Amino acid sequence: MSTPTAPGPSPDALERLLAAGRDGALLRMSLALAHHRRDDPQTALLHLAKALAFDADFTAAHRLQGLISLELGDKAQAEAAFAKGLEVAQRRGEMQLVKELTVRLRRLRPAAPPAPPAH
């Protein structure tokens, strides 16, 4: 009986494309997803950083960077990634992502304390 594998392309297959000189934002995003699915968040984050170096407006990469950072307990990094993704999504008119990232940021940011009563 074989061991179950995570869905999607294997990191090894994607690494071969990278070694063949086919580097780019989409390949790096695919590598990040493959490593994330295989419980390797640190490697996933490295590939996301490279994807964003190729395309700073890659909203899905900002979103995934935020999600992985949140999983790792790095709320500050998650908030920064979601905020950047929200800014880009608003500029590009990606309304579904605007809604999602707005909710994620609202959950991350503490509510402001009530104002003291005026005397």
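1. The protein chain has six helices and zero strands. Helices are DSSP runs of H or I with at least four residues, strands are E runs of at least two, and both are numbered from the N terminus. Read from the N terminus, the order is α-α-α-α-α-α.

2. This is a predicted model: local features need pLDDT of at least 70, side-chain atom pairs count only at pLDDT 80 or more, and totals for chains, interfaces and linings use all residues. Residues are numbered from 1 along each chain as its sequence is written, and side-chain values use heavy atoms, with hydrogens and water left out.

3. The chain has 119 residues, and 34% of them count as buried (under 20% relative accessible area, 1.4 Å probe, protein chains only).

4. Residues 24 or more positions apart account for 49% of them.

5. Helix α4 (residues 59-71) packs against helix α6 (residues 95-108) at about 25°, with the axes 12 Å apart. Axes are lines fitted to C-alpha atoms over the stretch in contact, and angles run from 0 to 180 degrees between N-to-C directions. So α4 is roughly parallel to α6 (angles under 35 degrees).

6. Which residues meet? From α4 come Thr 59, Ala 60, Arg 63, Leu 67 and Leu 70; from α6 come Leu 97, Glu 100, Leu 101, Arg 104 and Leu 108. By class, this contact of α4 with α6 has six nonpolar, one polar and three charged residues.

Terms used. Buried means under 20% relative accessible area, exposed over 50%, partly exposed in between (1.4 Å probe, protein chains only). Contact means heavy atoms within 4.5 Å. Angles under 35 degrees count as roughly parallel, over 145 as roughly antiparallel, 65 to 115 as roughly perpendicular and the rest as oblique. Ala, Val, Leu, Ile, Met, Phe, Trp, Tyr, Cys and Pro count as nonpolar, Asp, Glu, Lys and Arg as charged, and the others, Gly among them, as polar.
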